[in-house]
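Hi there,

Here is the structure I promised to send over. Please have a look at it first, and then read on for my notes.

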2 protein chains.
Amino acid sequence: MTNFADKLLANIEKCNNPTVMGLDPKLDYLPEAMLQEWLDEAKKQKEATGQPVNMQMTTGMALFDYNRLLIDAVYDIIPAIKPQFAYYEMYGMHGIMALRKTIQYAQDKGMLVIADAKRNDIGTTATAYANAIIGETKIIDETSACMFDCDCITVNGYLGIDGIKPFMDVAKEKGKGLFVLVRTSNPSAGDLQDLKLEDGRMVYEAMAENVEKWGQELIGESGFSSVGAVVGATWPEQAVKAREIMPHALILIPGYGAQGGSGKDAVASFVNGKGGIVNASRSLMCAWKKRTDIDPMELTEMHGPSGAPLLGFQKATREEALRMRDDLNSALQA
Amino acid sequence: MTNFADKLLANIEKCNNPTVMGLDPKLDYLPEAMLQEWLDEAKKQKEATGQPVNMQMTTGMALFDYNRLLIDAVYDIIPAIKPQFAYYEMYGMHGIMALRKTIQYAQDKGMLVIADAKRNDIGTTATAYANAIIGETKIIDETSACMFDCDCITVNGYLGIDGIKPFMDVAKEKGKGLFVLVRTSNPSAGDLQDLKLEDGRMVYEAMAENVEKWGQELIGESGFSSVGAVVGATWPEQAVKAREIMPHALILIPGYGAQGGSGKDAVASFVNGKGGIVNASRSLMCAWKKRTDIDPMELTEMHGPSGAPLLGFQKATREEALRMRDDLNSALQA
């Protein structure tokens, strides 16, 4: 069973790109013409069958289709995706089905899948979440059901080791991983995380110490642990500090681009060019919205990894992925 | 729009019982004979149709059926249920369908539903979770989809106000509520929550101050806020302290019974007999397992609120609910 940290680092090396594509779909990220195609399709179906169409199903199909086309555009140059579970849950059962299909599709294309679910609970409940997202569960006829089968999950450590150990157990058994929130990218991260302890540490530093300690038993051949940490690109000083405390943690870095973190900020916690993966969601998913020179739904002269020509919005995403890759690699070489 | 805190307190008063029934189903909570009935049913169906039966669907149906029968046994004496999302997610799509049906069924019987989901994220992502669990989402044809439509949700405040405000906004608009984790019931709660700050406070006390501040704008006629807190019954000293810091917070209290908290411990944060609700999950769901005097699947002489006779396991749950009600009310009068 390959260690998750080793797998992720190998995939990053293969793509020469420490980027993870956040897939947090909202309907208004999709080009108008694409939405219209799905609405037309639903209308046609209604006319043909005389039955009302399940528009939640149409919504879920449109979301998956957009994700699929984004994956098709970049699977050779981006090593992993990070679906944010909230966006799928908000679209109901068919949103969750779109999530399952997205996970499967990305894995089929050789990408790793980091479930951005930020789950947290204790004991058997934490085990239940771990089984749901990175493991499996025994059902009524003694066979097993796999709900999501992601490669890794984000978790919140406010509840202490009781809330982390069950995820580690499943990760260990199945070659999976977890990222514990240490220093989040948002403006109010400091409300709790920057409170100063009587021994001089900040709360996030105490969390980082826990992560380093918890991760010892899951260190791979790469020297990094499958128990990683989330540290936002918006806090480069804290990122340096966090890396000092956690020399073995893989670090998942949100906050690049749209939230204000630069390439240099994003790689502040890397060690010898390694050990981190930088997330971009909107900047990749909605790259076409910044382009006046392309029609998002027209075929372009650019080809994707399968050899097929890319649509305008796919090209915009691929070009943004290449720009981000070069930006991060330049920052790493500086 | 009635304030959630007011609704919950009214329901508690009507039932004369500050108990919430945690519905965290596992297949091995169900009586063997009940599982066998579902397996026999699946077998019959397979023989009749010649098609394989979807055993994940059978699992989901069995889980919902058990929940439904538990609700039928107690809906006149317990004011709310608290489904723990992890248990349903681990059983796959049909587990989630069982969750949706459980929520709807309990609400139809007049119970309030507290989603124990411990969600946490920032900005638009937190809004997405809020929409999924206590709100609604616009879909492709501009109609709205409701995923769960619970009355209240548990959240984790490690990310600060950015992660709480979106839940508060939806709660305010729709008369819903939230409980923020302050002091969890588990043994390692103190790993982070008991760290001492340089100003002498503990981390959980700082979180409690945030909750009291955040909750000001959602205080109802009862004097309690729809922004509540989770404080475990296993920490009665901290519960007293937490109440001092949060005079307006509704408090959700896990840890009674199976985890070791007594009736007296559980009501430590109540004010004039009010302001808290005590959770029991396994002790209610599996009450039949402690009874050698009843057959869980045989009809008994006891009647439920609808007038129908109760099965053995339903009777055990109802009797345990009555015992717990009396235990809590005695502790409140002491």
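In chain A, a network of salt bridges links Arg291(A), Asp293(A), Glu301(A), Lys315(A) and Glu319(A). Please keep in mind as you read that this is a predicted model. Over all chains, a search of the whole structure finds 41 salt bridges. As you know, side chains of opposite charge can pair when their charged atoms come close.

One residue I would point you to is Glu89(B), so let me take its pairings in turn. Glu89(B) forms a salt bridge with Arg119(A), and the closest N and O atoms are 3.3 Å apart. This pair crosses between chains: Glu89(B) belongs to helix α4 (residues 85–89) of chain B, while Arg119(A) belongs to strand β3 (residues 112–119) of chain A. Are these two partners buried or exposed? Glu89(B) has a relative accessible area of 5%, and because the cut-off for buried is under 20%, Glu89(B) counts as buried. Arg119(A) is at 1% relative accessibility, so Arg119(A) is buried as well.

Glu89(B) also forms a salt bridge with Arg119(B), where the closest N and O atoms are 2.8 Å apart. Here the pair links distant parts of the chain, with Glu89(B) in helix α4 of chain B and Arg119(B) in strand β3 (residues 112–119) of chain B, 30 residues apart. Both Glu89(B) and Arg119(B) are buried.

Now to the interface between the two chains. How many residues of chain B are in contact with chain A? There are 71 residues of chain B in contact with 71 residues of chain A. Between them, chain B and chain A bury about 6000 Å², and 63% of this is on carbon and sulfur atoms. In chain B, the residues that lose the most area to chain A are Met93(B), Ile140(B) and Tyr158(B), which together make up 15% of what that side buries.

Across this interface of chain B and chain A, there are four salt bridges. The side chains of Asp121(B) and Lys118(A) also meet in a salt bridge, at 2.7 Å from N to O. As for polar contacts, 41 residue pairs are found across the interface of chain B and chain A, with both residues at pLDDT 80 or more. Helix α6 (residues 123–133) of chain B gives the most to the side of chain B that touches chain A, with seven residues. By class, that side of chain B has 39 nonpolar, 18 polar and 14 charged residues.

Lys118(B) lies in strand β3 of chain B, and is buried, with a relative accessible area of 8%. The side chain of Lys118(B) makes a polar contact with the side chain of Asp116(B), at 2.8 Å. Leaving aside residues up to four places away in sequence, Lys118(B) touches Lys118(A), Asn120(A) and Asp121(A) in chain A, and Gln84(B), Thr154(B), Val155(B), Asn156(B) and Leu181(B) in chain B.

Ala98(B) is part of helix α5 (residues 93–108) of chain B, and counts as buried at 1% relative accessibility. Not counting residues up to four places away in sequence, Ala98(B) touches Gly60(B), Leu63(B), Phe64(B) and Tyr88(B).

The other place is helix α9 (residues 203–214) of chain B, which has 12 residues and reaches 17 Å from its first C-alpha to its last, close to the 16 Å expected at 1.5 Å a residue. α9(B) is mostly covered, with 10 of its 12 residues buried. Among them are Val203(B), Tyr204(B), Met207(B), Val211(B) and Trp214(B), along with Glu205(B) and Glu212(B).

Best wishes

Terms used:
Residues numbered from 1 in each chain as written. Chains lettered and ligands numbered in written order. Predicted model: local features only at pLDDT ≥ 70, side-chain atom pairs only at ≥ 80, totals over all residues. Heavy atoms only, no water. Helix = DSSP H or I, 4+ residues; strand = E, 2+ residues; numbered from the N terminus. Expected span 1.5 Å × (residues − 1). Buried < 20%, exposed > 50% of the residue type's maximum accessible area, 1.4 Å probe, protein only. Contact = heavy atoms within 4.5 Å. Buried area = accessible area lost by both parts, 1.4 Å probe. Polar contact = N/O pair within 3.5 Å; in protein donor to acceptor, adjacent residues only side chain to side chain. Nonpolar A, V, L, I, M, F, W, Y, C, P; charged D, E, K, R; others polar.
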